[in-house]
Amino acid sequence: MARRTDGGRPDVPRSFPTRRFRNRRTLPMVALGAMAVGTAGLLVMLPAVSNACQVAPDTALVPADRVRDAIAPGSDVLIVGDSYTKGSGSTRSEHGWAQDIVTDLGWDATIDGLGGTGYVNTGTYGSSRVTFSARIAAHRDLDPELVLVQGSQNDWLVGTDQLRTTVESTLREAERQWPDAVIVAIGPSAPQPRAEVTGGISSAVAAGAKAAGVTYIDPLERQWFTTMNSPGFAASDGQHLNDVGYQYLADKVADALDDLAAPSDEPQCL
């Protein structure tokens with residue numbers, strides 16, 4: 001159920017700078033120059049282009065320097081989630097976003113993905129031992145610097161209040177178990193049209209994370225999967241992602257973590 005990987009980069013020094021700089025294309029107003037109107041010149045200004053950086057919601061609940069340390073190459077990371085963390089839909093159903101982000105960022109990670117499970121849902125297993133809370137508790141002997149809890153769209157039959165309460169208790173337990181770790185919850189991240197039915201789940205997970213004081217990354221609100229890009233990212237079942245989709249999701253999660261690690265005076269983008 002869980003496996004450990006060092007991302008193939010065990011020799012990366014911990015002091016290596018971790019932020020991956022990307023072209024954020026935040027453009028200032030552009031002066032086109034003075035245009036003559038009669039004897040007077042007017043300076044024409046154009047507004048910023050429409051694809052300028054959109055400031056992300058202020059969801060960071062831990063200092064940026066703590067996040068930077070937690071996502072550094074070589075960090076000990078625990079990822080707990082559902083079939084997306086397991087990699088269902090990918091080649092051999094074992095190459096999900098978690099494996100991709102671990103490789104890309106050079107983490108020393110334990111990946112615990114189990115299909116059909118969630119904060120409440122036990123899937124076909126029918127045992128509370130497979131819920132996120134139980135599996136987090138099972139890793140109590142680890143000492144992670146970063147804990148990512150992903151999902152879960154499998155909680156779609158759970159009442160909103162029950163889900164919110166369970167999310168809060170699960171994340172609080174993670175905080176008690178690892179008081180020095182950065183805990184981050186990642187909401188449902190299904191392709192369209194599946195994503196349309198995850199709104200209630202996302203809201204409940206967001207509320208539970210907020211109550212627990214845990215940073216929440218909301219793929220639905222950030223519109224990572226749209227009607228335009230989903231066909232290229234969805235697996236044949238329409239419920240999971242293919243290899244390209246999982247790499248895309250890994251990149252989006254990495255970008256979101258980078259933004260949380262950015263100094264407060266640096267633009268944080270969606």
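Biologist: How many aromatic pairs does a search of the whole structure find?
Modeller: The search finds five. Rings of Phe, Tyr and Trp (its six-membered ring) pair if their centres lie within 6.5 Å; planes under 30 degrees apart are stacked, over 60 edge-to-face, the rest tilted. This is a predicted model: local features need pLDDT of at least 70, side-chain atom pairs count only at pLDDT 80 or more, and totals for chains, interfaces and linings use all residues. Residues are numbered from 1 along each chain as its sequence is written, and side-chain values use heavy atoms, without hydrogens and water.

Biologist: Why is the pair of Tyr84 and Tyr246 edge-to-face?
Modeller: Their ring centres are 5.8 Å apart and their planes sit at 80°, so the pair is edge-to-face. Tyr84 is in helix H2 and Tyr246 in helix H8 (residues 243–261), 162 residues apart. Helices here are DSSP runs (H or I, at least four residues) and strands are too (E, at least two), numbered from the N terminus.

Biologist: Are those two buried or exposed?
Modeller: Tyr84 and Tyr246 are both buried. Buried means under 20% relative accessible area, exposed over 50%, partly exposed in between (1.4 Å probe, protein chains only).

Biologist: And what about Phe233 and Tyr248?
Modeller: Centres 4.3 Å apart, planes at 20°, so that pair is stacked. Phe233 counts as buried because its relative accessibility is 14%.

Biologist: New topic. Where does Gln223 lie?
Modeller: Gln223 is in the loop between strand E8 (215–217) and helix H7 (230–233). Its phi is near 55°, a positive value in a residue other than glycine. At 59% relative accessibility, Gln223 is exposed.
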